[in-house]
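Me: Please examine the structure shown below and discuss it with me in a series of questions and answers.

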Amino acid sequence: MTCFPFCSKVTSSARHDPEIDEDISGIHNVKLYTYKQLRNATEDFCLANKIGEGGFGSVYKGRLKDGKFAAIKVLSAESRQGVKEFLTEINVISEIEHENLVKLYGCCVEKNNRILVYNYLENNSLSQTLLGGGHNRMYFDWKTRSRICIGVARGLAFLHEEVRPHIVHRDIKASNILLDKDLTPKISDFGLAKLIPANMTHVSTRVAGTIGYLAPEYAIGGRLTRKADIYSFGVLLVEIVSGRCNTNSHLPIEEQFLLERTWDLYERKELIGLVDTSLNGEFDAEQASNFLKIGLLCTQESPKLRPSMSSVVKMLTGRMDVDDSKITKPALISDFMDLKVRRKQESSTYNTSSASENQDTTWRFTAQYDQTMQTSSVNSALSFD
Ligand SMILES: Nc1ncnc2c1ncn2[C@@H]1O[C@H](COP(=O)(O)OP(=O)(O)OP(=O)(O)O)[C@@H](O)[C@H]1O
């Protein structure tokens, strides 16, 4: 079991650098790199080494002094909100280690620079390689897909049940699942993560996450429990089996929303028709059908009915039966209200503007939410009719 809070030791030659400001006091037990070290690692942050662009800045591939490759995420100077997430990310993942979580090597806090340094993962994100239509697209056979689903479930079960206090990730989605050289999945991007104290069943929070993956009770009520992550995982699971994004406006209307489509096929006992046709029928039909049912169990309207992540792992690995009789209709945000969301280009990764038409249909927002407010006063990028 891994426990918070962490000890407050900062390890680095940079700790005596007078230019490091008070942000450092919020950082515990993390290796600190100097800006110069990271500039050398990335050949002065040259464009050729840029491997991605996220909501909060650019990501470069670099080689550290010890010879290890690293993904170096430079927070953009304008990103005020990003600074908070920078500290969250550091404090959440610096002490935890798991095969299915991205590893943070350290960070840099110097003058205005805020930089995170991770282990470099060779095979990009699931949104690029499995769901994307660009040059990063890869073929995933059934065995690899099932291994990825189980790996992500194990990583999430670890965050939810083994770490104290429990961690809710809040942004489980295909672009936050990175793959190493063996296609082992690693959950990344802990900038929105929340710690749930042991004596609390939920925390009330400003809503953040990505539409399409967001549990309606959390999106609407701001009530955050681990079940919100389990909902997002259920959406991701169905995406991996079907090889398509949760929303695709290019499809006929009745097929645009993946969960609706899944429920429809489930009711017609035709669930297997959802499995990715690019597999050319080469998959374990019983396992694929079970995975889709687990996706439905995870996305049910009542959070209480959704299984815990450890049960999900057991079901995915065949150590627990998938009980059909427990499946109820998924919670669809569109059932609750008509959402108008200002569209923001989703984390378009560098050099992959053509990566995926499907990716364009993912929406991301961060909404201020106060429990005393009416939903109509939710501000920012999300508004309700
Ligand atoms: N550890 C890593 N190893 C290899 N590539 C990485 C790593 N971390 C990030 N990347 C690349 O950088 C891209 C951007 O990552 P980042 O986490 O900044 O944003 P995102 O998750 O794609 O988007 P958003 O910030 O909107 O959630 C990723 O899609 C991936 O291609």
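This is a predicted model: local features need pLDDT of at least 70, side-chain atom pairs count only at pLDDT 80 or more; totals for chains, interfaces and linings use all residues.

Me: Into which domains is the protein chain divided, and how many residues does domain 2 give to the contact?
Reply: The chain is divided into domain 1, residues 2-119, and domain 2, residues 126-334. Domain 1 brings 14 residues to the contact, and the number from domain 2 is 21.

Me: Which element gives the largest share of the side of domain 1 that touches domain 2?
Reply: Strand S1 (2-3) and helix H2 (80-93) are the elements that give two or more residues to this side of domain 1. By class, that side has seven nonpolar, four polar and three charged residues. The largest share, five residues, comes from H2.

Me: Which strands stand at the edges of the open sheet?
Reply: The sheet is made of six strands in the order S2-S6-S7-S5-S4-S3, with mixed pairing. An edge strand has a single partner strand, so one side of it is left without a neighbour in the sheet. The strands in this position are S2 (31-32) and S3 (50-54).

Me: Which residue of S4 stands opposite Gly 54?
Reply: S3 pairs with strand S4, residues 57-63, in the antiparallel sense over four bridges. Opposite Gly 54, the residue in S4 is Gly 57.

Me: Over how many bridges do S6 and S7 pair?
Reply: The two strands form a hairpin with two residues between them, and Lys 111 in the turn has a positive phi of about 45°. Cys 107 has Leu 116 in S7 as its bridge partner. The pairing of S6 (residues 104-110) with S7 is antiparallel, and the number of bridges is six.

Me: How many of the seven residues of S7 are buried?
Reply: S7 also pairs with S5, in the antiparallel sense and over five bridges. In that pairing, Val 74 stands opposite Ile 115. S7 (residues 113-119) is mostly covered, and the number of its residues that are buried is five.

Me: Is Lys 73 buried or exposed?
Reply: Lys 73 lies in strand S5, residues 69-75, and an unreviewed UniProt entry places the feature "binding site" at this residue. Beyond its neighbours within four places in sequence, Lys 73 is in contact with Gly 57, Val 59, Ile 115 and Leu 116. A residue needs 20 or more other C-beta atoms within 10 Å to count as buried. Lys 73 has 25, so its class is buried.

Me: Within what arc do the buried residues of H9 fall, and why do they line one face?
Reply: The buried residues of H9 (residues 309-316) are Met 309, Val 312, Val 313, Met 315 and Leu 316. An α-helix has 3.6 residues a turn, so residues three or four places apart point the same way. Seen down the axis of H9, the buried residues therefore line one face, within an arc of 165°.

How values were computed. Residues are numbered from 1 along each chain as its sequence is written. A residue is buried if 20 or more other C-beta atoms lie within 10 Å of its own, exposed if 12 or fewer, and partly exposed in between; C-beta atoms are placed from the backbone. The arc is that of the directions from the helix axis to the C-beta atoms. Domain bounds come from an automatic or database domain assignment. Two residues are in contact if their C-beta atoms, placed from the backbone, lie within 7 Å. Ala, Val, Leu, Ile, Met, Phe, Trp, Tyr, Cys and Pro count as nonpolar, Asp, Glu, Lys and Arg as charged, and the others, Gly among them, as polar. UniProt positions are given in the numbering used here, feature names are shortened, and annotations may be inferred rather than shown by experiment. Two strands pair if DSSP finds at least two bridges between them.
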